[in-house]
Every structure is written in C-alpha cells, then in structure tokens.
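Hi,

Here is the structure I promised to pass on. Have a look at it first, and then read my notes below.

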Amino acid sequence: MDVRELTDETERREAIPILRQLWTDESPADVLAWTGEDDYRCFGGFVDGELVAVAGVLVAGVLHHARHAWLYDLVVDEPHRGEGYGTELLRFVESWADAEDCAFLALASPESKTDTHDYYQRRGYERWGYVIEKEL
C-alpha cells in the first residue's frame, strides 16, 4: 500500500465517502471542512491507485501530558476490510508521529465499540483512562 498525505481539496474530497463510513451522521461538507483545518493531517492509503483507507491525525501538547498525536479517524473502505490495510496505515501513522517527536499515539473511542478496542489492544495500545464529556 502506498500512503501519502492528502493535502488539497480534490484529494480530501476523494476521502469523504470513506470517512463517512465512520462518521455517518456528518455531512460531506462538514467532513471536507474539518479535513482542511490547519492542524489536521489526512493520510490516504492507496492500492493500485485506489484509495482504500484514510487516517486523520492531529498533533497536540495537552497541558502536563507529553506531545501526542491524536488519531481521530482510521477507516478502511468497507469492501477492503480484513485485508490488513488498516494495520498498515496505523503503522505508517505511528512512524509519522514518532518522526514528529510525539511520545504517544492516542485515540478516543465510544464504550460500545468493543471490537475497535480489541483491535487496538492487539496492536499494543493500552486503555489508561476514560474520556468524560458533556454536550453543551
């Protein structure tokens, strides 16, 4: 798989149908808008020229925590799931984050996504706490 950053609007538009497989309640316009934000980095995994997976990452230093890369999106196009592309893209993002001097790659996931939690735990990720929020 060839992984590259999706930097221009045309490339990011190509990623929208895949990202919306994760963010089903978001409009294409909203997805396009957040993928174009300055700090958001969007990476695409291509096989034979076809975009098959997308990862969205943001680097942040959060108060007393070490510099983190936050994985907001990791989505493999439905017909290509189970072929190892998600793991390959995740490894790319881990290497990229390390090169960006990040101490951790972290993500938040809804409690109900137990298969997702198992996926990351099998790849060495540890659950260390909770994300607690209140909608305003």
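**Pocket and aromatic contacts**

Four elements, β4 (68–76), α3 (85–99), β5 (104–106) and α4 (114–122), each supply at least two residues of the lining of the largest pocket. Of these, β4 gives the most, with eight residues. Please keep in mind that this is a predicted model.

The volume of this largest pocket comes to about 1900 Å³. Its lining is made up of 48 residues, and the closest to the pocket centre are Leu-107, Ala-108, Ser-109, Thr-116 and Tyr-120. Sorted by class, the lining has 23 nonpolar, 15 polar and ten charged residues.

Now for the rings. There are five aromatic pairs in the structure. One of them joins Trp-23 and Trp-34 in an edge-to-face arrangement, with 5.8 Å from centre to centre and 85° between the planes. Trp-23 sits in the loop between α1 (9–19) and α2 (28–35), while Trp-34 belongs to helix α2, so this pair ties together parts that are eleven residues apart in sequence. Trp-34 has a value of 19% and counts as buried, because the cut-off for buried is under 20%.

Elsewhere, Phe-43, Phe-92 and Trp-96 are linked into a cluster by ring pairs. You will also find Arg-4 lying over the face of Phe-46, 3.8 Å from the ring centre.

Technical notes. Residues are numbered from 1 along each chain as its sequence is written. This is a predicted model: local features need pLDDT of at least 70, side-chain atom pairs count only at pLDDT 80 or more; totals for chains, interfaces and linings use all residues. Side-chain values use heavy atoms; hydrogens and water are left out. Rings of Phe, Tyr and Trp (its six-membered ring) pair if their centres lie within 6.5 Å; planes under 30 degrees apart count as stacked, over 60 as edge-to-face and the rest as tilted. Buried means under 20% relative accessible area, exposed over 50%, partly exposed in between (1.4 Å probe, protein chains only). A charge sits over a ring if NZ of Lys or CZ of Arg is within 6 Å of the ring centre and within 35 degrees of the ring normal. On a 1 Å grid over the protein atoms alone, a cavity is a set of points where a 1.4 Å probe fits but cannot get out, and a pocket is an open set with protein on both sides within 12 Å along at least five of seven lines; lining residues have an atom within 4 Å of a point. Grid points are joined across faces, edges and corners, and a volume is the space filled by probe spheres set on the points. Ala, Val, Leu, Ile, Met, Phe, Trp, Tyr, Cys and Pro count as nonpolar, Asp, Glu, Lys and Arg as charged, and the others, Gly among them, as polar.
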